[in-house]
Amino acid sequence: MPGDFTPCGMVAVHAVLLLGALLMLTPLAWMLLTSLKSYQELFVSPPKWIPEKLLWHNYVEALTTFNFALYLRNTAFLTFVTIAGTLVSSCMAAYAFAALRCRGKGMLFAILISTLMLPPQVTIIPLFKVYARLNWIDTYLPLTIPAWLGTNVFAIFLLRQFFLTVPRDYCESARIDGASEFQILLRIFVPMCTPAILTISVFSFIGAWNDLWGPVIFLHSECYYTMAIGLLNFVLLSNQPQGAPWNLIMAVSTVMMIPIIIVFFLAQKRFIEGMSLTGLKG
Amino acid sequence: MRRKEIFWFWVMAGPATAGFLFLTLGPMLYSFYLSFTKYDVVNPPVFVGLGNYEYLLTRDPSFWPSVKVTLIFALFSIPLSLVLSLATAMLLNTQVRFRGALRTIYFLPSLLPATASSIIWIFIFHPAYGLLNQMLEKVGITGPPWTQSSTWALPTIVIMSLWGFGGGMIIFLAGLQGIPRSLYEAASLDGATRWQQFRHVTLTQISPILFFNLVMGIIGSLKVFDQAFTFGTTAVARLGAPGRSTLFYVLNMYQKSFNYFHMGLGSAMAWMLFLAILILTVINFIAARKWVHTE
């Protein structure tokens, strides 16, 4: 099979993959090294890879002088509320669709799933109008409330698949023992489906942390900025005669990427499972 | 008991149903209506019939250029990233060492925030002191003015986007691992060459996933926003040069709606995008049944 190579072929396979990996890592390495350089070192030719002195102070400057500590806190808060909302609303909906009977349930589920195709651009203008009417523009409500109302349809879909595997008898006997529906959901379904819940958590973490579209449209005041708009704004405004302070810009980029990288390493298996599930469903 | 169950069904599915009605279906229908109106947020919408569509398709100076930018991007980035991700997945599907670590390295960039990664690339591609042109200079090549030229700005975004091929690669890898070994054994007993094995076993078996990645790639490139917006606000705004050469479709829709408040035109553009995605999804369904190999 194509997986079986001669020893010579295997050397080539390793060489190609390692070279590719090096190329993939170069931008990240360059970002990290640049973030520790002094302003003068940025513009030397030929470029220097290793800074003369590692200026960790750049990070302090970016976080304090340029307010990125605030943007970091804002982004963390928004992300946390989004994940919580996604988990609560999608667990409830998935439970309804997997374990409870009601007329028209199949139809409702099909309609919900079909909205996966809908690009967010279609609803954004009316939503903007409604949020403006409610005086929600320049608050976090337009960015968080949708998560609490089950708009992450993929999460509902994925959780329902997992919930369907929980034996029906468990529910029945719990009900006979007098457990409420919320207790059944929390004590039986959630613990039995932790992998799916983790997968959804990490994907909504990535989605909320990286989001640019929502904050760009709904947030205006600097005190509400997220990392993404803060970073763009910083690049836009930092026009110095010789060139932008790329060391600080790269420090901010690093700070923005670190949580993603940490979560990725903690839950890599969940990411790979999640990706594979999306693909195999098609 | 039955009635109680129905009650609990609506308690549990209630938030999602409300979200669907008020945040999806309602806004969707309303934006369809707005696409036939002239609307600037301040004044109430005025019905103009097919005026917006007619204007966009025949007279708007930026509509077709933005369609062209988006299609050129799709035309280059999708085949390149499909080939890269399938090839890498196949290499990783061998008895290679450090397989887990390599997979991690290839996969990670696809999850990083597009805003920050675009900015890294804009720095690397900086015409004067960017890493790339400095390296090219070392080997005697004068690099093009990437981010500052209307010819090179779009290729720059294509190269940037290739960094994120790892998502597709993971999906291919899952597919490759599902191909039974016996198929390759049978093929090689029949004297199939390596190329024939690739052509008739790997590609046939993986065709549903290939097709899925292709369609997702097309839909994804129609929706490109983060990279285009980052490029637009940082590289372009300060240097001016590339102008419309990186005006992607969704960026154009965003600017029309939220910079110039032509919300009717924006809605019309959003609906044309939706229509394109709908057609692609339907084609995906039909074609998946017809051409793609399934057991």
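1. Two residues count as in contact if their C-beta atoms, placed from the backbone, lie within 7 Å. On that basis, residues 24 or more positions apart account for 71% of the contacts in chain B with a separation of 6 or more. For chain A, 75% of the contacts between residues at least 6 apart in sequence join residues at least 24 apart. Both values, like everything below, come from a predicted model.

2. Composition of chain A. Its secondary structure comes to 14 helices and zero strands. Along the principal axes, the C-alpha atoms of chain A fill a box of roughly 75 × 65 × 35 Å. Of the 282 residues of chain A, 41% count as buried.

3. Composition of chain B. This chain has 13 helices and two strands. Its C-alpha atoms fill a box of roughly 75 × 75 × 35 Å, again taken along the principal axes. Buried residues make up 43% of the 295 in chain B.

4. The interface between the chains. Chain A puts 79 residues into the contact and chain B puts in 87 residues. On the side of chain A that touches chain B, the largest share, eleven residues, comes from helix H1 (residues 7-34) of chain A. By class, that side of chain A divides into 58 nonpolar, 18 polar and three charged residues.

5. H5(A) against H1(B). From H5(A), the contact is made by Val122(A), Thr123(A), Ile125(A), Pro126(A) and Leu127(A). From H1(B), the residues are Leu23(B), Thr24(B), Pro27(B), Met28(B), Tyr30(B), Ser31(B) and Leu34(B). Nine residues of this contact are nonpolar, three are polar and none is charged.

6. H3(A) against H1(B). The crossing is left-handed. On the chain A side, Ser89(A), Met92(A), Ala93(A), Tyr95(A), Ala96(A) and Phe97(A) take part. They meet Phe9(B), Met12(B), Ala13(B), Pro15(B) and Ala16(B) in H1(B). The contact of H3(A) with H1(B) has ten nonpolar residues, one polar residue and no charged residues.

7. H7(A) against H10(A). This pair lies within chain A: helix H7 (residues 153-163) and helix H10 (residues 194-210). Their axes come within 10 Å and cross at roughly 170°. H7(A) and H10(A) are therefore roughly antiparallel to each other, a term used for angles over 145 degrees. Ala155(A), Leu158(A), Leu159(A) and Phe162(A) of H7(A) make the contact with Ala196(A), Thr199(A), Ile200(A) and Ser204(A) of H10(A). Six residues of the contact are nonpolar, two are polar and none is charged.

8. Backbone points to check. Most residues other than glycine have a negative phi. Which values do Asn135(A) and Asp138(A) take for phi? For Asn135(A), phi is near 60°, a positive value in a residue other than glycine. For Asp138(A), phi is near 65°, also positive and also in a residue other than glycine. Asn135(A) is placed in the loop between H5 and helix H6 (141-148) of chain A, and Asp138(A) is likewise placed in the loop between H5 and H6 of chain A.

9. Asp138(A) has 15 other C-beta atoms within 10 Å and is partly exposed, because a residue counts as buried only at 20 or more.

Key:
Residues are numbered from 1 along each chain as its sequence is written. Chains are lettered from A and ligands numbered from 1 in the order in which they are written. This is a predicted model: local features need pLDDT of at least 70, side-chain atom pairs count only at pLDDT 80 or more; totals for chains, interfaces and linings use all residues. Helices (H or I, at least four residues) and strands (E, at least two) are DSSP runs, numbered from the N terminus. Ala, Val, Leu, Ile, Met, Phe, Trp, Tyr, Cys and Pro count as nonpolar, Asp, Glu, Lys and Arg as charged, and the others, Gly among them, as polar. A residue is buried if 20 or more other C-beta atoms lie within 10 Å of its own, exposed if 12 or fewer, and partly exposed in between; C-beta atoms are placed from the backbone. A crossing is left-handed if the near helix is turned anticlockwise from the far one by less than a right angle, and right-handed if clockwise. Axes are lines fitted to C-alpha atoms, for helices over the stretch in contact, and angles run from 0 to 180 degrees between N-to-C directions. Angles under 35 degrees count as roughly parallel, over 145 as roughly antiparallel, 65 to 115 as roughly perpendicular and the rest as oblique.
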